[in-house]
Amino acid sequence: MAAYEITDHTYDVIVVGAGGAGLRATMGAAKAGLKTACLTKVFPTRSHTVAAQGGISAALSNMEQDDWRYHMYDTVKGSDWLGDQDAIEYLCREAPAAVLELEHFGVPFSRTEDGKIYQRAFGGMTTNFGEGQAHRTCAAADRTGHAILHTLYGQSLSADADFYIEYFALDLLMTDDGACAGVLAICMEDGSLHRFRGQTTILATGGYGRAFFSCTSAHTCTGDGGGMVLRAGLPMQDMEFVQFHPTGIYGSGCLITEGVRGEGGILRNADGEAFMERYAPSAKDLASRDVVSRSMTIEINEGRGVGKDADHCLLDLSLIDPDHIRNRLPGIAESARIFAGVDVLKEPIPVIPTVHYNMGGIPTNYHGEVVNPTAENDDAIVPGLMAVGEAACVSVHGANRLGSNSLTDLVVFGRAAALRAAEVLTPGAPVRKEAAGATEKALERLDRFRFADGSTSTAELRDRMQRSMQQKAAVFRTEDTMREGVGLVKEVWDGMSDISTADRSMVWNSDLIETLEFDNLIRQAQVTIEGAVERKESRGAHARDDYPNRDDENWMKHTVSHHNEDGTVSLSYREVHNYTLTEEISYIEPKERVY
């Protein structure tokens, strides 16, 4: 270990990740007078928030009368009653202020004729507790995430936050008593190692979509925060709930925003039928994503799919005014042209359900503080550790996230984490010291992969994992297929003992970084599929042919999963929060979820 020279840094707040949630937390902490560092493995404006297209939800009432309580009802229903209603209330109540704050920061939202922020319809968003269609999704054309990300990066720079760009976080540094002292990271440019100690560490590392073969996620979405948390002996929550977006471009997986259907796009089968009318008579193409994805899959499985292999559907934009497409959906027209060879003004886009979002993640409360349940306290927090964004499970999305709630999640809880840090931390206060041997343990893992001389490449193992997850943890699930998947993914884990890396250097070693990322992915793949096998019901995105109904009596509870170093998974459960924060709204009782 003496071969590695380590540079030490001390901060009040360390943020890992520079997407929407990470930047909002970074900006908020820095503006509160806390010395703040933001570590990011890609340049901030390349973070995956840049790919968010359709918009950010908030009950602004710019298109019709709206109310945050309607938004909360829709989010609870969308979650299939697995969301914590205190956190959901916080999300929906704070959303309007968070969006107006973004406007004041400089986000260039599209405008209505009278100059207000333009809002479009999205799936599952209703008025008056489910009676009408809400236009709640605030949009900057179809590049909303891009606009928000660039704006928040500028704001973070103006707040004098320190950025460590193209730094890859290796592991959390934990204390003897289970608190987080900081992280160890590698500067990918020159291979130098850096130990960051802080009063609190905020993980904003995004989802782990690349555990699957076909997904809308960037190749950088490898769940690095989740991997670090699992290695630290801390749990993940509700990992079996993986959202398939109905409209990934067939063949490439590139996202086509739900905003297309919000503007009037229609899904059609091989017969040209607008088939969603049969599955969701009220909401039709704007039912929640899990409902639309399953409906498309049924159409394909029953022989009404499109193409020579009858394996996809079509998204028809012919009813949308061409000028509206040019003004409100320019990026979609471009993506369809590049990735599908389609002119959307003349022909439909071939689409297929594609892995898009992880509802599960690092368990937190609505302040962003990481939760580690104990026998005495279901909501016990981990001192010095927070998580926000897709890396976290607050849980506002429960079993299924509504479209355009993700960007709201990022800014509301990124802000909440910064507010909490400002409330409980004193600028310049002493930081914790990690346990003896914590740094050495992280370096041993780095060394093991850097000098791995087995016979199986990282790419081969990763491909096996991705294909196994795609086939065995799909839109529809059964005991037998998932049991096969558990075995296949465990075989991949066992194969890591024979892994090989070719590059031994420390300078921009992409072979090493991809191997470290794969180690993060395979752990989360295991807890995902094992949690799915054990959940004997259908709820939200978790749809089982052998257990087709939701079972509130036995399964209205969060799955808590630990990954053990021998590659086994330990599962336990914690209660869903069935209470609200204020008397402004009462607990929303479970009922049948139909659209």
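This is a predicted model: local features need pLDDT of at least 70, side-chain atom pairs count only at pLDDT 80 or more; totals for chains, interfaces and linings use all residues.
1. The length of α8 checks out. The helix runs over residues 289–301, and at 1.5 Å a residue its 13 residues should span 18 Å. The end C-alpha atoms lie 18 Å apart, so expectation and model agree. Just after α8 comes G303, with a positive phi of about 90°.

2. Now the aromatic rings. The model holds 12 aromatic pairs. Take Y164 and F196: their ring centres are 4.8 Å apart and their planes stand at 80°, so this pair counts as edge-to-face. Where do the two residues sit? Y164 belongs to strand β6 (residues 162–165) and F196 to strand β9 (residues 193–203), so the pair ties together parts 32 residues apart in sequence. Both Y164 and F196 are buried.

3. F275 and Y279 make another edge-to-face pair, with 6.3 Å centre to centre and 85° between the planes. F275 has 0% relative accessibility, so it is buried.

4. One aromatic cluster is formed by Y11, Y164, Y167 and F196.

5. Two arginines deserve a look as well. R328 lies over the face of Y118, 4.0 Å from the ring centre. R448 has its charged end over the ring of F449, at 5.0 Å from the centre.

Notes. Residues are numbered from 1 along each chain as its sequence is written. Side-chain values use heavy atoms; hydrogens and water are left out. Helices (H or I, at least four residues) and strands (E, at least two) are DSSP runs, numbered from the N terminus. The expected span of a helix is 1.5 Å times one less than its number of residues. Rings of Phe, Tyr and Trp (its six-membered ring) pair if their centres lie within 6.5 Å; planes under 30 degrees apart count as stacked, over 60 as edge-to-face and the rest as tilted. Buried means under 20% relative accessible area, exposed over 50%, partly exposed in between (1.4 Å probe, protein chains only). A charge sits over a ring if NZ of Lys or CZ of Arg is within 6 Å of the ring centre and within 35 degrees of the ring normal.
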